[in-house]
Amino acid sequence: VTVGADAIGRLLRVTVEEGDLVKKGQVLAEIDASDLIASLDEAKARLEEAVAERQLAQLNAERKLRLFAEGVLPAHDRDAASRDVEITQARIETAQAAIRRLDATIAKTRLLSPISGSVTARIVNAGQMVDRGDPAFIVADLNRLRIEGEAHEADADRVVIGAEVEIRADGFPGQSFRGRVEEIPGSVTLRRIKPQDPARPTDVRVLALKVAFDGQNTLKLGSTVDLVIRPSSR
């Protein structure tokens with residue numbers, strides 16, 4: 001998962017390094033939100049003021065209601081006092097809405113990990129200016145490591161979900177890993193993975209697929225492997 005900035009500003013701090021293990025919801029970095037926090041404090045003060053005004057308006061409205069019932073006060077004054085209560089209540093709701101908006105905006109200044117996993121890339125540093133959408137981190141769940149592979153379009157009909165796969169890597173001579181085809185798209189595309197053998201053509205159409213490991217593996221992210229897929233008998 002690529003974690004990007006959702007606000008504009010200067011990164012106040014970055015809390016993780018590449019290779020760190022993180023939990024879902026953990027703060028990876030924070031954008032300076034001092035101006036927003038000051039505005040939030042101001043909005044909370046306005047809310048307290050509006051609450052106090054409403055309490056006073058409510059007491060005044062109750063007093064004038066009694067006076068009206070006693071025939072001392074005209075209806076106009078009673079209605080005006082009731083309207084004052086409604087106005088102060090509206091101020092309370094406006095202040096509460098401002099607080100919710102600022103809370104949501106401040107939350108966007110914290111870059112959180114959407115999953116538990118490992119930080120495989122840190123693209124930003126503290127003090128750096130970021131904009132909305134700028135990539136900042138890549139977090140990967142290495143327990144769900146998969147291989148992106150390509151099969152020639154001529155073999156597309158013989159590759160099925162669940163097919164057994166033998167995985168070979170140059171870094172492990174004489175050793176292989178087991179896997180299974182986990183994902184197959186509905187169409188073929190041009191080759192995207194550059195072959196290591198320069199004699200192999202690059203302008204061929206292939207079936208992109210994903211292979212999941214069947215058990216534990218010791219391969220690293222970015223490793224180049226060869227896949228031997230046991231085709232369907234059909």
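## Ground rules

Residue numbers start from 1 along each chain as its sequence is written. Because the model is predicted, local features need pLDDT of at least 70 and side-chain atom pairs count only at pLDDT 80 or more, while totals for chains, interfaces and linings use all residues; side-chain values use heavy atoms, with hydrogens and water left out.

## Overall shape

The chain has two helices and 14 strands; these are DSSP runs numbered from the N terminus, with helices being H or I of at least four residues and strands being E of at least two. The radius of gyration comes out at 31 Å, well over the 17 Å that the globule rule gives for 234 residues, so the chain is more spread out than a compact globule. That radius is taken over C-alpha atoms, and the globule rule is 2.2 Å times the number of residues to the power 0.38. Along the principal axes, the C-alpha atoms fill a box of roughly 100 × 45 × 35 Å.

Of the 234 residues, 28% are buried, where buried means under 20% relative accessible area, exposed over 50%, and partly exposed in between (1.4 Å probe, protein chains only). The chain exposes about 15,000 Å², with carbon and sulfur atoms supplying 50% of that; the areas come from the Shrake-Rupley method with a 1.4 Å probe, and for residues only the protein chains shown count as cover. Among contacts (heavy atoms within 4.5 Å) with a separation of 6 or more, 70% are between residues 24 or more positions apart.

## The β5-β4-β2-β7 sheet

Four strands make an open antiparallel sheet in the order β5-β4-β2-β7. Here β5 (110-112) and β7 (129-130) sit at the edges, each with a single partner strand, so one side of each has no neighbour in the sheet. Two strands are taken as paired if DSSP finds at least two bridges between them. Strand β2 (residues 9-14) meets β7 over two antiparallel bridges, and Arg10 has Met129 as its bridge partner in β7.

Further along, β2 and β4 run antiparallel and are joined by three bridges, with Arg13 facing Glu30 as a bridge partner in β4. Three bridges also link β4 to β5, again in the antiparallel sense. Strand β4 (residues 27-31) is mostly covered, with four of its five residues buried.

## The β1-β8-β6-β3 sheet

Another open sheet of four strands has the order β1-β8-β6-β3, also with antiparallel pairing. The edge strands are β1 (2-4) and β3 (21-22), each with a single partner strand, so one side of each is left without a neighbour in the sheet. Three antiparallel bridges pair β1 with strand β8 (residues 135-140), and Val3 has Phe137 as its bridge partner in β8.

## Two nonpolar cores

A nonpolar core here is a set of buried Ala, Val, Leu, Ile, Met, Phe, Trp, Tyr and Cys residues joined through side-chain atoms within 4.5 Å. The largest one has 16 residues, and Leu28, Ile31, Leu111 and Phe137 have the most contacts inside it. The elements giving two or more residues to this core are β4 and β8. Beyond its neighbours within four places in sequence, Leu28 has contacts that include Val3, Val14, Val22, Leu111, Phe137 and Val139. A second, separate core of 15 residues includes Val165, Ala169, Phe177 and Val225.

Glu30 is in strand β4. Its bridge partner in β5 is Arg110, and the side chain of Glu30 makes a 2.6 Å polar contact with the side chain of Arg13. A polar contact is a pair of N or O atoms within 3.5 Å; within protein, one must be able to donate a hydrogen and the other to accept it, and residues adjacent in sequence count only if both atoms are side-chain atoms. Glu30 and Val188 are 158 residues apart in sequence and 42 Å apart, C-alpha to C-alpha.

Thr88 lies in helix α2 (residues 75-107) and counts as buried at 6% relative accessibility. The Thr88 side chain reaches the backbone oxygen of Val85 at 2.8 Å. Not counting residues up to four places away in sequence, Thr88 touches Ala50, Glu53, Arg54 and Ala57. Leu190, found in strand β12 (residues 189-190), counts as exposed at 53% relative accessibility.
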